[in-house]
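Dear colleague,

I am passing on the structure we spoke of, so that you have it open while you read. My notes on it follow below, and I would be glad if you went through them with the coordinates in view.

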Protein chains: 2
Amino acid sequence: MQSQNLLNMITDSLPNLNKSEGKVARVVLSDPETATQSSIATLAKKAGVSEPSVNRFCKRFNTMGFPDFKLKLAMSLASGIRSVNRNVDPEDDVTSYTPKIIDSTINNLALVRDSISHARVNQVVDNLIQAKRIYFFGLDASGAVARDAENKFFRFNLPVSCHDDFLMQRMLASTGKTGDVFFIISHTGRTKEIVEIAEIARNNGSTVIGLTASNSPLANLSSVALDVDVPENTDEYMPMSSRIVHLVILDVLATGVTLRRGTDFLPHLEKIKNSLKPTRYNSKK
Amino acid sequence: MQSQNLLNMITDSLPNLNKSEGKVARVVLSDPETATQSSIATLAKKAGVSEPSVNRFCKRFNTMGFPDFKLKLAMSLASGIRSVNRNVDPEDDVTSYTPKIIDSTINNLALVRDSISHARVNQVVDNLIQAKRIYFFGLDASGAVARDAENKFFRFNLPVSCHDDFLMQRMLASTGKTGDVFFIISHTGRTKEIVEIAEIARNNGSTVIGLTASNSPLANLSSVALDVDVPENTDEYMPMSSRIVHLVILDVLATGVTLRRGTDFLPHLEKIKNSLKPTRYNSKK
DNA sequence: TTAGATATGTAGTAAAATTACATAAATAAT
DNA sequence: ATTATTTATGTAATTTTACTACATATCTAA
C-alpha cells in the first residue's frame, strides 16, 4: 500500500537531478520539517532558484505540484524515518529518551513494512502449514523470540517446539527429515553454531527458514530467507530492536497461517483462549 | 513530543462544535484521505458550508489555516492511528494483512509513547539500580518477555534471573526480602497465580514492579505499576501486541539504567559485546 | 420582544502556485 | 570551432487558492 518514503526517493535520485533541482533537493533534505511549512517562494529563495524550478522538482516525484509535494513529505516524516538526531545521548532524561527509543522501534517497523517480500512471507506460510514438525531455534536474545514463536504457533495445533541450546539444536537438526521445518532466528545470521546447524538440517533434506539479516551466511543457506535489516546500533545506548521486528514478523506469519486455515479453524483458537479463563480474576465490568 | 493525533482531537471535540463546523468535521472524518487533497472550496461545498467556516474550523485545532490543517491531518494519517478499518479480515491476502499487522503494532507503540508516565519509568529505573536482586516473572507469552528481560539486564552486571514456572516463582517470592525486586510481567494482570505471587512478595517487604494493564489486580498490588493498555484484540485474527509493547518498555528501562550508570559503565557493555565476536563469521566488508 | 452575543456567509483582497513563454546553457553535429 | 538542437532555467502573466473584513442571520437571555 503505502508508497515508498519520499525522503528516501529524494536522496536516491540526488545524483540524477540537474543543477537547480539538486539545490532544491539539498535544501529540502537538510530540513524537511520546515520545508513542509514553507511557501514555494521562500523555498525557491532559500535554494537560490526560481519558483517554477521548485515546482518542476516536485513533479519529478509523482506529485501533483508543490502543495501535494509538501503533503507527501509531511507524511513520510510522520510515518518513518525521524532518523537523524534521534539517537540517545548521555544528557537525555526520561522525557527525551523514552520517545526516542519508541520512535526508533517504530521507524524500524515502518522500514520492514515497506521492504518485506510478500512472496517470501507467503512461501513461509506454505511451509509452516505443510510441515510435519516445526522447530524454532534461536540463541541469546533470539532464544526469547523462539520461545514466543513456540507459544504462538502451539495454539494452531501445529507440531512445534522451541530450542535455545545449541547442542540440542544440533542433535535435532541431524535427525531432521524431509517435511521438517527448522525456523532459525538470528539477528546477525553469522553465529557459527547456528550456521552449522542450518547446514546440517539442509543436508538432511529438511526445510530451513531463516529469519535473519539479508546476505548473511544463514540467509544464504536457508530454503527461504526472511530478510530483516535493522540499522546496526552504532549508538551505545540504543537497544537492539531486531528482536521486536522478528516478533512482529512472526505475528504476520501466524496471521497468514490462521487465514490459510480458513474460518473452520476459529473455534479451535477460541477453545484455547477459553481454557485460560478459569485462571483469571474476572474483569470488573 | 509529537502532538496528539489530529483525527482523535476532531473526534473528541465533535460534540462541542457548532453546526457548520460540525458538518465540516464529519466530512473530514468520513474520508480524511481525500480531505488532505481537497481545496478549501471543494471541502466547503461538500460540507455545505462557506469557505470561511472551513477556515475557522481549521483554526480551532491550533493550526495556522487550511493548508496547515491539511498538513497536520496528513501527518496524523501517516503516523498513527489508522484505527478504523485496519482489522484483518478473512478476505485479506499477504499484501494487505502484512502492513495491517505491522501498522497496528506501530499504533500501539505510538499510544504508549504518548501515554506512559515518565515519573514511573524513573522510579522503576531507581528501583532496578538499587536492587539487591531482580527477578523477572512471566507466564505464557509473558514468559518469553521475561526471558528477554533477563538477557538484557544481565548485561548490566545486575543480579537478575528469570522464571516462567509459577511454582518456582511462588517459592522465590516467599523467600524474598527488602531490597529484592520482583518485576512481574502480565498482559491481563488478572492471572490468579501471578497476583498471589505479587501479594506474597509484597508481604515479605520486597518491591514489586508490575508491567501490566492499568487498574488490574496486579497493578493495584504493585509498588510501582507501569501501565500498558493495548486495545483488546476483539478481532480473531489480530495477534496480541502487548508483548511487543512490554519489550519496548523494557528497552526504555534498560536505556534508563545505562544512562544512570554514566559513561564509566560503557566499557563493561563493550566487553560483553566483544565476548560474542569469536562465535561469529566475519562480515564480508 | 429585544439587546447582546454568537455563528455564518458574502465579497473583496492578498497570497500562492502554475502556466506559457523567452532566454540561457549545454550538448551534439558539421 | 561554429552552429543547430536539445535541455535547463528564469520571467511575467494567469489562475487558483486561501484569507480578511464586514454584513447578515441566528441564537440566547433578559
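**Contacts with the DNA strands**

The residues of the surface near DNA strand D divide into seven nonpolar, seven polar and four charged. Please keep in mind throughout that this is a predicted model. Of the 18 residues around DNA strand D, those that come nearest are A:Lys19, B:Ser39, B:Ile40, B:Gly65 and B:Phe66.

By class, the surface near DNA strand C has eight nonpolar, seven polar and four charged residues.

**Chain A and its side towards chain B**

Chain A has 14 helices and five strands, and 47% of its 285 residues count as buried. Among the contacts in chain A with a separation of 6 or more, 63% are between residues 24 or more positions apart.

As for the two chains together, 65 residues of chain A are in contact with 65 residues of chain B. On the side of chain A that touches chain B, at least two residues each come from helix 6, helix 7 (94–115), helix 8 (118–130), helix 9 (141–154), helix 11 (192–203), helix 13 (242–261) and helix 14 (266–275) of chain A. Helix 7 of chain A gives the largest share of that side, with 13 residues. Sorted by class, the residues of the side of chain A that touches chain B are 34 nonpolar, 18 polar and 13 charged.

**The sheet in chain B**

In chain B, five strands form an open sheet with parallel pairing and the order 2-1-3-4-5. Strand 2 (160–163) and strand 5 (224–227) of chain B stand at the edges with a single partner strand each, so one side of each is left without a neighbour in the sheet. On average, and with direction ignored, neighbouring strands of this sheet are turned by 15° against each other. Strand 4 (residues 207–212) of chain B runs parallel to strand 5 of chain B and is joined to it by four bridges, and B:Leu211 stands opposite B:Leu226 in strand 5 of chain B.

Two helices of chain B lie across strand 1, strand 2 and strand 3 of that chain. Helix 9 (residues 141–154) of chain B runs at about 155° to strand 1 of chain B, while helix 10 (residues 166–174) of chain B runs at about 140° to strand 2 of chain B.

**Helix 11 of chain B**

Helix 11 (residues 192–203) of chain B has 12 residues and reaches 17 Å from its first C-alpha to its last, which is close to the 16 Å expected at 1.5 Å a residue. Which residues of helix 11 of chain B are buried? They are B:Ile194, B:Val195, B:Ile197, B:Ala198, B:Ile200 and B:Ala201, and the buried residues of this helix pack against strand 1, helix 10, strand 3, strand 4 and helix 12 (217–221) of chain B. Just after helix 11 of chain B, B:Gly205 takes a positive phi of about 85°.

With kind regards

Conventions:
Residues numbered from 1 in each chain as written. Chains lettered and ligands numbered in written order. Predicted model: local features only at pLDDT ≥ 70, side-chain atom pairs only at ≥ 80, totals over all residues. Nonpolar A, V, L, I, M, F, W, Y, C, P; charged D, E, K, R; others polar. Near = placed C-beta within 6 Å. Buried ≥ 20, exposed ≤ 12 C-beta atoms within 10 Å, placed from the backbone. Contact = placed C-beta atoms within 7 Å. Pairing = 2+ DSSP bridges. Axes fitted to C-alpha atoms, helices over the stretch in contact; angles between N-to-C directions. Expected span 1.5 Å × (residues − 1).
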